Amino acid sequence: MDGIKLLKSRRSIRKYINKPINEEIIIDIIDCARLAPTARNEQPWIFVVIKNQELKNKISEITDHGKFLKEAYCGIAVFCKNTKYYLEDGCAATENILLASWYYGIGSCWIAADKKPYAEEIRKVLNLPQEYKLVSIVALGYPQEDELKKVQMVKKKSLEEVMIFK
Ligand SMILES: Cc1cc2nc3c(=O)[nH]c(=O)nc-3n(C[C@H](O)[C@H](O)[C@H](O)COP(=O)(O)O)c2cc1C
């Protein structure tokens with residue numbers, strides 16, 4: 001898919017079919033994440049792939065709007081060391097995960113974590129050192145057909161509403 005089409009067509013997918021994702025693809029998605037821009041080139045991140053069903057269940061129940069994680073093939077938890085720009089860096093890496101997944105025909109949805117009271121609880125469940133902050137979890141899975149149609153209806157602001165030329 002061409003790059004611009006990829007960017008414009010991506011949508012959040014919360015319903016998945018029961019089809020495994022090849023491990024090489026998951027690794028390549030994380031390779032894209034680790035190449036994201038990062039302030040002062042600190043690369044403060046670590047990415048945890050959550051495939052274990054019990055862990056997916058547990059984490060999805062801890063979140064408020066991420067219950068669909070339990071039906072996803074896996075989740076990728078994006079953690080960053082608590083640097084000055086950890087949030088910007090973690091968000092840039094998260095966006096790369098969404099776009100790389102879309103390139104592979106995989107649906108994804110960002111599950112909020114930074115500023116959420118449950119972020120620390122999830123860090124403990126995943127056994128990460130205290131110096132890491134959970135920025136996001138991305139649920140990944142091949143999309144259900146009707147979900148693909150539904151998400152095309154998501155209302156987006158027009159270019160005129162959001163663009164100013166000076
Ligand atoms: C910081 C952030 C946190 C988000 N958290 C959630 C979440 O917890 N649960 C969820 O279903 N979607 C979440 N989303 C996805 C947004 O709801 C989605 O991007 C938005 O509705 C626009 O739809 P689109 O991604 O299909 O363009 C989050 C997105 C961002 C950027």
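What follows is a short chat about the predicted model above.

Residues are numbered from 1 along each chain as its sequence is written. Because the model is predicted, local features need pLDDT of at least 70 and side-chain atom pairs count only at pLDDT 80 or more, while totals for chains, interfaces and linings use all residues.

Visitor: What pattern does the protein chain follow along the sequence?

Guide: Helices here are DSSP runs of H or I with at least four residues, strands are E runs of at least two, and both are numbered from the N terminus. The protein chain has seven helices and four strands. Read in order, they give α-α-β-α-β-α-β-α-β-α-α.

Visitor: Which residues of H2 are buried?

Guide: Buried means 20 or more other C-beta atoms within 10 Å of a residue's own, exposed means 12 or fewer, and partly exposed is in between, with C-beta atoms placed from the backbone. On the other side of H2, Glu24, Ile27 and Asp31 are exposed. The buried ones are Ile26, Ile29, Ile30 and Ala33.

Visitor: What do the buried residues of H2 pack against?

Guide: Contact means that two C-beta atoms, placed from the backbone, lie within 7 Å. H2 itself covers residues 23–34. Its buried residues pack against strand E1 (45–50), strand E2 (74–81) and helix H4 (86–103).

Terms used
The expected span of a helix is 1.5 Å times one less than its number of residues.
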